[in-house]
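This briefing looks at how two parts of one chain are packed against each other. Please have the sequence and the coordinates open while reading it.

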Amino acid sequence: MTTDPPRTAGQSHGAFKARIATALRNPILQVALDRNHERRVAGRDLAFAALPAAEATRDRGRAIRLETLSHLDCYLERFAASVERNGGRVHWAADAAEAQQIILDLVQAAAGRRPPGRTTPLLVAKSKSMMSEEIELNHALEAEGIRVVETDLGEFIVQLRGEPPAHLITPAVHLRREEVSALFAERFGMAPTLDVAHMTALARAELRRVFFSADVGISGVNFGVAETGTLALITNEGNGRLCTTVPPVHIALMGLERLVPTLADLEVMLRLLPRSATAQKITSYVSLLSGPRRAFEPDGPEELHVVLVDNGRARMLGGALAEALLCIRCGACLNVCPVFTEIGGHAYGSPYGGPIGSVVSAGLFGSDFSELANASTLCGACRDICPVRIDIPTMLLVVRGQHVAAGLPPAWLRLGLRAWEWVMAQPGRYRLAQRAAALATGLLGRGNWVRRLPPPLNAWTDRRDFPAFAARPFRDRWKIRAAGKAKSD
Amino acid sequence: MPTASPKRVQLFVTCIIDALFPDVGEAAVRLLEHAGVEVDFPEAQTCCGQPGYNGGFRKEARRLALHFLDVFERSADPIVTPSGSCAAMIVHGYLDLFRDDPPNRARAKALAARTFELSQFLLDELRLAPDQVAGASPFRGRVAYHPSCHLLRGLGVRQAPERLLAAVPGVELRPLPQAAECCGFGGLFAVKYGDLSAAMLDNKLAGVRASDAETLVSADMSCLLHLQGGLRRDGSTVRCLHLAQVLAPAE
Amino acid sequence: MPPSRNFILGKIRQALKTGSHLAPSPAVLPDAVSGLAQADAASQVSRFATELQTLGGSFQTLPQAQAGSWLAQCLQQRGVNEVLAWEQPALPVPGLLDALRERGVKVVGEALPAAEPGRSAMLAHWETIKVGITGVDAVFAETGSLALRAGPGRPRLASLSVETHVAFFTADHVYASWAAWLARGGAAASGEALAAASNLTLITGPSRTADIEMTLTVGVHGPREVVAVLVT
């Protein structure tokens with residue numbers, strides 16, 4: 001069970017375009033993405049329509065996240081102190097490598113808690129964590145002979161297929177039941193079926209063995225509450241609860257920005273997140289974990305470790321992309337995005353895809369990932385749907401600015417834009433350029449439209465005609481009109 | 001309905017309309033004059049800088065934004081433009097572009113306060129009745145309206161264009177499926193990610209076909225450049241017109 | 001103190017010193033408690049029932065005296081003679097567990113040993129139990145949710161590893177919402193109380209997934225069946 005590291009995917013314009021082309025040609029993916037878009041967006045709109053004071057709640061959610069980030073150092077210290085007061089242990093990881101090492105050490109130490117005589121590889125039951133994708137945790141653990149099993153149904157499926165998740169909330173969004181059926185038939189000898197309930201039951205049975213024999217449970221964290229040291233996990237399947245209750249050691253992995261100050265703040269975020277993510281008022285389970293099992297409690301993990309990961313966040317906080325750290329990972333901007341709906345999550349080649357992912361990837365992983373932000377029309381649907389009102393289009397523009405500042409656009413574009421600026425900065429040049437363009441398109445076109453332009457503009461005419469420039473532009477007509485008026489006056 | 005006091009505006013015609021679709025500019029002038037507005041055209045205007053801004057070429061975009069400010073600050077009259085996306089550039093984009101330049105940011109902010117997209121200006125600013133504006137239009141036909149993203153979500157102009165279209169006696173307004181979804185133009189995006197842009201175009205054109213409209217109307221010629229180009233390539237007889245062309249009285 | 005802690009906090013402080021990219025917070029915030037808080041107890045209970053049933057949960061009202069025999073009958077119907085249960089003091093029905101024992105039902109729920117091999121052996125047994133019996137700390141009308149806290153005699157798995165979860169509560173447990181509980185639930189709903197137990201779970205209906213083709217399937221890893229019983 002290995003997952004290809006997403007970061008090996010090339011991030012050049014060409015490589016990205018190739019992945020886009022593959023996605024556009026995949027009819028199964030296209031059907032799945034259309035369905036995701038239609039259902040999720042309609043459901044989310046209904047859920048918010050039924051929420052009293054929805055807009056004010058969004059304002060409040062944004063204010064809570066802004067307050068957290070503006071005093072992140074204080075809240076982190078308070079959170080860490082609270083976790084330790086509850087009997088948990090806090091580990092700080094500056095980057096992916098340090099986080100991997102911390103977790104590896106914790107998992108290996110858990111061998112000391114094994115029942116005597118057990119010789120199977122160390123087993124980790126994992127519930128959904130985007131951070132673990134970000135730091136490529138599974139690879140690091142598997143390289144040390146540790147078995148890691150994803151237990152969220154969608155994650156379980158993509159892990160069996162050797163793929164990364166295709167969506168923040170719905171990892172197997174790109175698959176139909178037919179693919180899942182074929183996969184389970186191959187891996188578990190299941191008789192082929194299109195009955196989703198049957199496939200789910202099979203996964204339940206497989207994973208139940210994992211929960212009850214795992215040495216360690218690893219989970220993500222939706223929110224950490226600074227006041228109480230509580231970890232909030234917002235889930236539907238119950239795998240998150242099992243991973244954090246049954247194994248003797250629970251390791252919770254979180255980005256260090258994922259905090260809220262108080263329990264009351266958490267309650268507000270809980271009104272926003274499930275509605276935005278899955279159109280639910282509340283998910284089946286909201287687990288609030290405050291420390292390991294206490295001596296007086298009958299069950300629960302004996303150890304709780306919280307790994308706080310920076311991996312670029314502190315740097316991002318000081319830069320122009322800081323606002324993207326408000327994100328609560330609901331995935332609504334992916335669902336509504338017309339680009340994501342055409343290409344899905346894998347095409348982005350980053351653990352974080354879609355509109356917010358294009359910003360976050362550039363913010364965390366640097367300008368190698370800034371090309372992603374160019375794959376947007378800046379249509380603004382993401383900004384309208386974001387529960388904490390992140391101005392994603394403006395953030396995408398900031399990334400594009402960084403992309404240009406790093407000298408990454410192709411030469412034709414850099415030269416083209418410089419020429420455009422030179423022409424447009426002076427009305428006389430502009431008028432001359434208009435004449436030249438009218439002449440050129442007049443020569444190229446038949447009638448008023450051009451069917452073929454030379455590269456790189458052929459990318460336009462591959463699908464669309466282009467209009468010829470007007471022989472008499474508006475400004476000339478205006479002059480004639482003004483002259484006529486002057487005469488008649 | 002109170003008649004607006006005599007008004008004068010500066011027309012920012014946009015470079016696309018100037019160079020590719022001058023008829024649209026003329027229609028906008030007719031429409032404004034019919035509504036009792038005197039139109040001035042500052043001839044030193046060029047481009048608002050949006051292509052550079054959207055492409056991440058902020059330095060180049062800033063230079064053109066400064067040119068725009070210089071040209072349109074010469075008069076205190078409101079600035080009206082027949083483009084949702086250029087209006088959004090001036091109203092929102094300039095503030096971002098000059099985020100680290102307080103003096104020019106203040107200039108941009110002052111100009112933004114008197115910059116309007118055409119339909120927004122007529123209905124929301126002048127508070128004219130739709131039939132006062134569009135009642136004299138000779139246009140006849142089945143029309144679908146494509147709300148461009150920058151007008152709809154960028155400027156929050158959600159109703160003005162369709163209210164105006166509904167006031168044209170000869171217009172039969174047809175609902176456009178998934179109207180609020182982006183057409184896939186996106187400026188440089190249409191060239192850098194041509195096949196992705198084309199896939200989004202296909203979705204939009206499927207909606208246009210389903211609407212059974214003869215004419216597709218929008219308040220942004222950049223979207224229509226892309227949509228008409230696609231319709232022509234498909235051999236469709238649907239023609240694209242700017243809102244002003246449908247609303248304006250005969251020449 | 002591990003070096004990364006100070007390194008990271010230093011970077012954050014530096015970033016906050018230079019970073020003016022975050023907009024100021026809006027000043028006006030809405031009330032956290034919904035209008036449902038003003039509704040009378042009966043309409044809150046009925047809202048709770050509606051919400052829970054919409055999600056595929058069951059709701060039942062029973063006089064206290066009948067709760068034991070009703071539960072025993074339910075178990076019998078399912079062919080179940082063993083339950084994973086909270087201890088009697090944590091349940092709002094006096095004598096409930098004795099009533100089950102009298103009818104031959106084995107009640108499990110003593111603390112797991114902290115060390116091996118006892119811990120896994122007992123877990124392996126718990127894993128086979130089909131029905132869990134719990135009380136609640138509160139129920140929330142607005143969402144049809146049950147709030148269950150870990151504590152003495154309150155195994156977390158009684159609401160988790162079983163196929164059917166039966167939760168007993170009384171009218172005193174009913175709040176309009178989680179926000180209302182936080183505002184009016186007193187010490188039990190406080191941050192101190194939360195931090196004093198390893199776990200508080202809000203449970204809303206049965207376990208569910210829509211990970212395959214967005215087709216809703218109930219009973220993935222958690223219970224397929226959630227039965228909330230209001231004891232009068």
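**Domain 1 against domain 2 in chain A**

The centres of domain 1 of chain A and domain 2 of chain A, taken over C-alpha atoms, are separated by 20 Å in this model, which is predicted. The domain assignment of chain A places domain 1 at 6-314, domain 2 at 320-405 and domain 3 at 416-488.

Extent of the interface

- On the side of domain 1 of chain A, 51 residues are in contact with 42 residues of domain 2 of chain A.
- About 4100 Å² is buried between domain 1 of chain A and domain 2 of chain A, and carbon and sulfur atoms give 61% of that area.
- Within domain 1 of chain A, the residues that lose the most area to domain 2 of chain A are A:Gln11, A:Phe16 and A:Arg62, which together account for 16% of what that side buries.

Polar and charged pairs

- The interface of domain 1 of chain A and domain 2 of chain A holds four salt bridges.
- A salt bridge joins the side chains of A:Arg62 and A:Glu323, at 3.3 Å from N to O.
- Between domain 1 of chain A and domain 2 of chain A, 20 residue pairs are in polar contact, counting pairs with both residues at pLDDT 80 or more.

Make-up of the domain 1 side

- Among the helices of chain A that each supply at least two residues of the side of domain 1 touching domain 2 are helix 1 (13-24), helix 3 (54-70) and helix 12 (263-278).
- Helix 2 of chain A gives the largest share of that side, nine residues.
- By residue class, the side of domain 1 of chain A that touches domain 2 of chain A divides into 23 nonpolar, 12 polar and 16 charged residues.

Technical notes
Residues are numbered from 1 along each chain as its sequence is written. Chains are lettered from A and ligands numbered from 1 in the order in which they are written. This is a predicted model: local features need pLDDT of at least 70, side-chain atom pairs count only at pLDDT 80 or more; totals for chains, interfaces and linings use all residues. Side-chain values use heavy atoms; hydrogens and water are left out. Domain bounds come from an automatic or database domain assignment. Contact means heavy atoms within 4.5 Å. Buried area is the accessible area (1.4 Å probe) that two parts lose on being put together, summed over both. A polar contact is a pair of N or O atoms within 3.5 Å; within protein, one must be able to donate a hydrogen and the other to accept it, and residues adjacent in sequence count only if both atoms are side-chain atoms. Helices (H or I, at least four residues) and strands (E, at least two) are DSSP runs, numbered from the N terminus. Ala, Val, Leu, Ile, Met, Phe, Trp, Tyr, Cys and Pro count as nonpolar, Asp, Glu, Lys and Arg as charged, and the others, Gly among them, as polar.
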